[in-house]
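Q: Hey, could you walk me through this one? I'd like to go over helix packing, salt bridges and a few residues.

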Amino acid sequence: MSISPNYFSPLEFQVTIDRLPNVQFFIQQSSIPAISSAPVKVPSRLNAIYQQGDEVDFSNLELTFLLDEKLLNYTEIFDWIIGSNFPNTHKQFNELKDSSFGLNSDISILIMNSKKNPHIRLTYRECFPISLSDVALNTTDSDVVYPQATAIFQYDTFTIERVNK
């Protein structure tokens, strides 16, 4: 594998979330989550010996997006959280569970290279929202500052795939 002479650019990426079509277009910021593994401590007569762990922990996926005028993107995530965690009726939960997406959804982030061509795809499996940030409303700003919200997702695993080798 050869080393690329170009730096990784965080400016060009596209997010695909089939369950959230009104969110994906407005996404402004994301990050590649951290990954960690705790070593296993093996006792011995002398000093403890550490070996590779048997679990991998991924930090949550965060997506920050601008809000559309009708709050459609905000309510898509809001309804997903309410419907799966604290529905008003059993019907509300069953409609979410029995939808074509089910309770979880995959999220894909396509990162472009320095020539703005698809380069790397991050795929997050079995995602579900665990948090949706507050939205500030402020009449004291002198210019329009378009509000953003951040959704935090839990997922099972993610993969990194080179699209353009």
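A: Happy to, and what follows is a chat about a predicted model.

Q: Let's start with helices α2 and α3. At what angle do their axes cross?

A: The axes of α2, residues 72–85, and α3, residues 90–97, cross at roughly 115 degrees and come within 8 Å. That makes α2 roughly perpendicular to α3.

Q: And is the crossing left-handed or right-handed?

A: The crossing in which α2 passes α3 is left-handed.

Q: Nice. Which residues make that contact?

A: From α2 you have Trp 80, Ile 82, Gly 83 and Ser 84. On the α3 side, the contact is made by Gln 92, Phe 93 and Leu 96.

Q: How do those divide into nonpolar, polar and charged?

A: The contact of α2 with α3 has 4 nonpolar residues and 3 polar ones, with no charged residues.

Q: OK, switching to salt bridges. How many are there in the whole structure?

A: A search of the whole structure turns up 5 salt bridges. We can go through some of them.

Q: Now for the strands. Which residue meets Arg 121 in a salt bridge?

A: That would be Glu 161: the two side chains meet with an N to O distance of 3.5 Å. The pair links distant parts of the chain, 40 residues apart. Arg 121 belongs to strand β9, residues 118–132, and Glu 161 to strand β11, residues 157–162.

Q: How exposed are they?

A: Arg 121 has a relative accessible area of 27%, so Arg 121 is partly exposed. Glu 161 is partly exposed too, with a relative accessible area of 40%.

Q: Leaving aside neighbours within four places in sequence, what else is Arg 121 in contact with?

A: Besides Glu 161, Arg 121 is in contact with Ser 108, Ile 109, Leu 110, Thr 159, Ile 160 and Val 163.

Q: And where's Asn 164 relative to Arg 121?

A: Their C-alpha atoms are separated by 9.7 Å, and the two residues are 43 residues apart along the chain.

Q: You mentioned Ser 108. Which strand is that in?

A: Ser 108 lies in strand β8, which covers residues 105–112.

Q: Buried or exposed?

A: Ser 108 has a relative accessible area of 17%, so Ser 108 is buried.

Q: Last one: which residues does Ser 108 contact, again leaving aside neighbours within four places in sequence?

A: Ser 108 is in contact with Gln 14, Val 15 and Thr 16, and also with Arg 121, Leu 122 and Thr 123.

Conventions: Residues numbered from 1 in each chain as written. Predicted model: local features only at pLDDT ≥ 70, side-chain atom pairs only at ≥ 80, totals over all residues. Heavy atoms only, no water. Axes fitted to C-alpha atoms, helices over the stretch in contact; angles between N-to-C directions. Helix = DSSP H or I, 4+ residues; strand = E, 2+ residues; numbered from the N terminus. Parallel < 35°, antiparallel > 145°, perpendicular 65-115°, else oblique. Left-handed = near helix turned anticlockwise from the far one by under 90°. Contact = heavy atoms within 4.5 Å. Nonpolar A, V, L, I, M, F, W, Y, C, P; charged D, E, K, R; others polar. Salt bridge = Lys/Arg side-chain N within 4 Å of Asp/Glu carboxyl O. Buried < 20%, exposed > 50% of the residue type's maximum accessible area, 1.4 Å probe, protein only.
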